[in-house]
Amino acid sequence: MTNLQERGHLLTEQVNPNSLNLDQLNSLELVELFNTEDQKAVVAVAGAKVQLAAAIEKTAERLHQGGRLFYIGAGTSGRLGVLDAAECPPTFCTSPELVQGIIAGGAGALLRSSEGLEDLAEDGESAIAQHKINQLDVVVGITAGGTTPYVQGALKAARQRGALTVFIACVPAEQVPFDADIDIRLLTGPEILAGSTRLKAGTATKLALNILSTSVMVKLGKVYGNRMVDVAVTNQKLRDRALRILQDLTGLSREAAGFLLERSGKWVKLALLMHWTNLDKTAGEELLAVHKGNLRVAVDTYQRSQESGVRSQE
């Protein structure tokens with residue numbers, strides 16, 4: 001059992017030999033040092049690619065069945081989880097309930113530090129109960145040093161409820177062992193500013209969450225090629241993006257693309273399906289629903305059925 005009072009042995013708490021003269025560096029030297037050390041975050045994520053891939057597969061499976069994805073953490077880790085969750089609705093037009101971020105201290109902790117609350121495992125357990133976590137859900141616990149009681153308590157409670165648990169930490173498993181379904185270790189090494197895990201550890205965590213959520217959305221059919229065809233058209237920038245996607249994939253003029261977008265109810269995915277199949281809005285919505293929103297599968301299936309019908313008439 002890890003001694004939570006003595007954490008000096010943890011990788012994230014150790015002193016970085018490359019920054020011992022940090023307070024003596026000029027501005028350019030500081031930038032160069034940060035840039036060199038930050039590259040280790042990318043390497044750390046690469047070192048966890050097998051575990052990340054497993055998390056993507058299993059999370060997509062659960063969400064396909066009606067489950068939800070939760071991130072839970074304290075401090076920087078919690079804020080990163082909330083940030084990733086908050087960006088899913090505008091990017092993929094998901095409901096706010098599909099991907100959720102839980103942070104120790106609640107919404108107020110996003111703007112003002114409340115790190116003392118991370119020591120309460122029972123608060124983590126309560127958060128799991130409040131969100132009615134069940135066997136279809138996925139709970140990703142994020143804790144750079146691995147020892148945060150709030151996160152550990154939440155994951156243990158989630159596992160008892162049958163949820164898939166994912167543990168993300170920036171220390172080796174031998175330093176902080178933890179029993180989770182998927183164990184992701186992002187080994188970024190000692191920070192330039194000793195113990196400040198909002199730096200490399202935070203960067204690596206953000207990279208990992210980017211990969212996890214985006215890849216899960218790809219698996220859920222929220223992407224066609226590399227286009228965000230479920231983008232929420234809620235402002236001028238996103239409308240412009242939607243029109244460019246339609247123009248690029250259909251060859252339509254901007255005016256025609258705009259007309260098609262309006263006919264679809266400002267849903268790029270449906271607009272593309274309507275264009276490629278000549279179905280009206282209602283029929284297109286029904287076809288997408290049958291194929292759980294997967295545009296490629298819906299279009300391919302429809303076109304094959306049409307070709308089959310033509311051949312049967314010959």
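This is a predicted model: local features need pLDDT of at least 70, side-chain atom pairs count only at pLDDT 80 or more; totals for chains, interfaces and linings use all residues.
Trainee: Which residues point each way from strand 3?

Mentor: Val138, Val140 and Ile142 point one way, while Val139 and Gly141 point the other way; all are buried.

Trainee: Which strands pair with strand 3, and in what sense?

Mentor: Pairing requires at least two bridges between two strands. Strand 1 (residues 69–73) pairs with strand 3 in the parallel sense over 5 bridges, and Leu69 stands opposite Val138. Strand 4 (residues 164–169) likewise pairs with strand 3 in the parallel sense, over 5 bridges; here Thr165 is the bridge partner of Val139. From strand 3 the chain passes through helix 6 (residues 149–160) to strand 4, forming a right-handed β-α-β crossover.

Trainee: At what angle do helix 10 and helix 11 pack?

Mentor: Angles of 65 to 115 degrees count as roughly perpendicular. Helix 10 (residues 268–277) and helix 11 (residues 281–290) pack at about 110°, with their axes 9 Å apart; the two helices are therefore roughly perpendicular to each other.

Trainee: Which residues meet in this contact?

Mentor: Helix 10 contributes Lys269, Leu270, Leu273 and Met274, which meet Lys281, Gly284, Glu285, Leu287 and Leu288 of helix 11. The residues of this contact comprise 5 nonpolar, 1 polar and 3 charged.

Technical notes. Residues are numbered from 1 along each chain as its sequence is written. Side-chain values use heavy atoms; hydrogens and water are left out. Axes are lines fitted to C-alpha atoms, for helices over the stretch in contact, and angles run from 0 to 180 degrees between N-to-C directions. Helices (H or I, at least four residues) and strands (E, at least two) are DSSP runs, numbered from the N terminus. Angles under 35 degrees count as roughly parallel, over 145 as roughly antiparallel, 65 to 115 as roughly perpendicular and the rest as oblique. Contact means heavy atoms within 4.5 Å. Ala, Val, Leu, Ile, Met, Phe, Trp, Tyr, Cys and Pro count as nonpolar, Asp, Glu, Lys and Arg as charged, and the others, Gly among them, as polar. Buried means under 20% relative accessible area, exposed over 50%, partly exposed in between (1.4 Å probe, protein chains only). A crossover is right-handed if, with the strands pointing away from the viewer, the path from the first strand over the helix to the second runs clockwise.
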